[in-house]
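Please look over the sequence and the model, and then read the notes below.

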Amino acid sequence: SAAYIPDEGPRPGETESVTVRVPAKVNLALSVGPLRSDGYHDLATVFHAVGLFDEVNAAAADTLAVTCEGEGQVEVPLDDTNLAWRAAELLARTVGRSPGVRLHLTKGIPVAGGMAGGSADAAGALVACDALWGTGLSRDDLHVLAAQLGSDVPFALHGGTAMGTGRGEQITPVLARGEFHWVFAFAHDGLSTPAVFHELDRLREAAGEEATAPGVEDELLRALRAGDSTLLGAALRNDLTRPATSLRPDLRATLQAGREAGALGTLLSGSGPTCAFLAADAVAAATVAAALEAAPSVRAVRRALGPAAGAHLL
Ligand code: ATP
């Protein structure tokens with residue numbers, strides 16, 4: 001009979017591969033400053049990683065290819081516009097090797113949902129290819145590459161709860177105690193992030209409002225330090241709520257359904273259309289989830305705990 005061979009790397013006929021899990025994010029605060037001359041806005045945000053995940057599997061291959069399954073898979077591009085593809089290319093170029101890798105994405109994060117799913121896949125591809133190729137780059141090196149790929153990519157590497165400044169790519173950890181119970185309502189269609197920012201600029205201009213420098217309120221940071229979900233629920237803020245609900249009035253019904261079901265706080269996630277609800281505990285989260293399941297404006301409901309760890313090898 002065949003001798004037992006200890007599990008050291010791939011066996012003959014098996015492809016060498018690694019899998020990385022990456023969390024979605026919600027912005028507990030999202031303060032948007034004036035439009036800059038380069039077309040971006042200065043942001044002050046508090047990112048919070050939650051237990052909704054994408055997985056990125058990277059397998060040795062001669063050329064670069066991306067495949068995808070799961071939540072919203074038909075809307076995910078499989079060419080060089082996919083952020084995971086770009087991440088693999090950037091890493092390969094940086095270390096001076098060929099970008100040969102087969103990336104398989106298993107999506108649990110809604111596409112174009114304001115939860116940074118594409119950014120999560122970029123962070124996941126960086127960590128997966130780094131491990132597969134044995135590049136020897138440090139976590140700081142990966143962070144620099146992440147910031148080149150997109151404003152939300154560094155946080156997807158980092159995870160936990162963190163302040164984001166600049167375009168969101170400058171990350172500073174925030175002290176947060178305890179665990180928070182979240183409910184997420186996915187919408188029927190996605191919402192384009194640039195469209196929501198344009199609508200914000202348009203509404204501000206129409207109202208003659210002068211945008212001020214972005215900032216995060218102390219109440220929110222205090223609530224996080226104390227691990228107090230009631231205080232946190234009252235301190236949630238997102239400047240993109242007004243433009244997103246202006247473009248998509250059905251989101252108001254979603255937010256109201258969660259509020260009426262007893263959520264401690266309601267929040268548009270990033271640029272939407274996903275809505276986030278903070279609940280006091282698991283039982284309250286189940287009540288909020290059940291109410292949202294019945295709302296016609298809602299496509300699907302998920303529960304998750306936060307904070308979650310950043311991109312990590314499984
Ligand atoms: P953010 O909150 O960072 O603005 P989002 O969560 O709203 O992002 P994503 O799911 O990241 O939106 O993707 C937005 C668009 O980017 C999609 O419509 C899709 O065409 C494109 N895209 C590129 N790469 C990916 C990817 N790996 N996964 C999902 N979408 C991707």
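The notes below cover the basis of the model, the annotated sites, the ligand shell and the nonpolar core.

This is a predicted model, in which local features need pLDDT of at least 70 and side-chain atom pairs count only at pLDDT 80 or more, while totals for chains, interfaces and linings use all residues. Residues are numbered from 1 along each chain as its sequence is written.

**Annotated active site**

- The unreviewed UniProt entry annotates Lys 25 and Asp 152 as "active site"; UniProt positions follow the numbering used here, feature names are shortened, and annotations may be inferred rather than shown by experiment.
- These residues are spread over 128 residues of sequence, yet they cluster in space, with a largest C-alpha distance of 8.9 Å.
- Lys 25 lies in strand E1 (residues 17-35), whereas Asp 152 is placed in the loop between helix H3 (139-149) and helix H4 (153-158).
- Helices (H or I, at least four residues) and strands (E, at least two) are DSSP runs, numbered from the N terminus.
- Lys 25 counts as buried because it has 34 C-beta neighbours inside 10 Å, and Asp 152 counts as buried because it has 27.
- The term buried requires 20 or more other C-beta atoms within 10 Å of a residue's own, with C-beta atoms placed from the backbone.
- Leaving out residues up to four places away in sequence, Asp 152 touches Lys 25, Ala 116, Ser 119 and Gly 168; contact requires C-beta atoms, placed from the backbone, within 7 Å.

**Annotated domain**

- The unreviewed UniProt entry gives "domain: GHMP kinase N-terminal" for residues 82-160.
- The span 82-160 is 59% helix and 9% strand, and its end C-alpha atoms lie 25 Å apart.

**Shell around the ligand**

- Among the 23 residues around the ligand, those that come nearest are Ala 116, Gly 117, Gly 118, Asp 121 and Thr 193.
- Helix H1 (83-95) and helix H2 (117-133) are the elements that give two or more residues to this shell, and H2 provides the largest share, four residues.
- At least three residues of the shell come from each of domain 1 (17-174) and domain 2 (180-306), with bounds taken from an automatic or database domain assignment.

**Nonpolar core**

- The largest nonpolar core has 95 residues, and Ala 84, Ala 123, Ala 125, Leu 126 and Cys 129 have the most contacts inside it.
- Such a core is a set of buried Ala, Val, Leu, Ile, Met, Phe, Trp, Tyr and Cys residues joined through C-beta atoms within 7 Å.
- This core draws at least three residues from each of domain 1 (17-174) and domain 2 (180-306).

Notes:
Near = placed C-beta within 6 Å. Buried ≥ 20, exposed ≤ 12 C-beta atoms within 10 Å, placed from the backbone. Contact = placed C-beta atoms within 7 Å.
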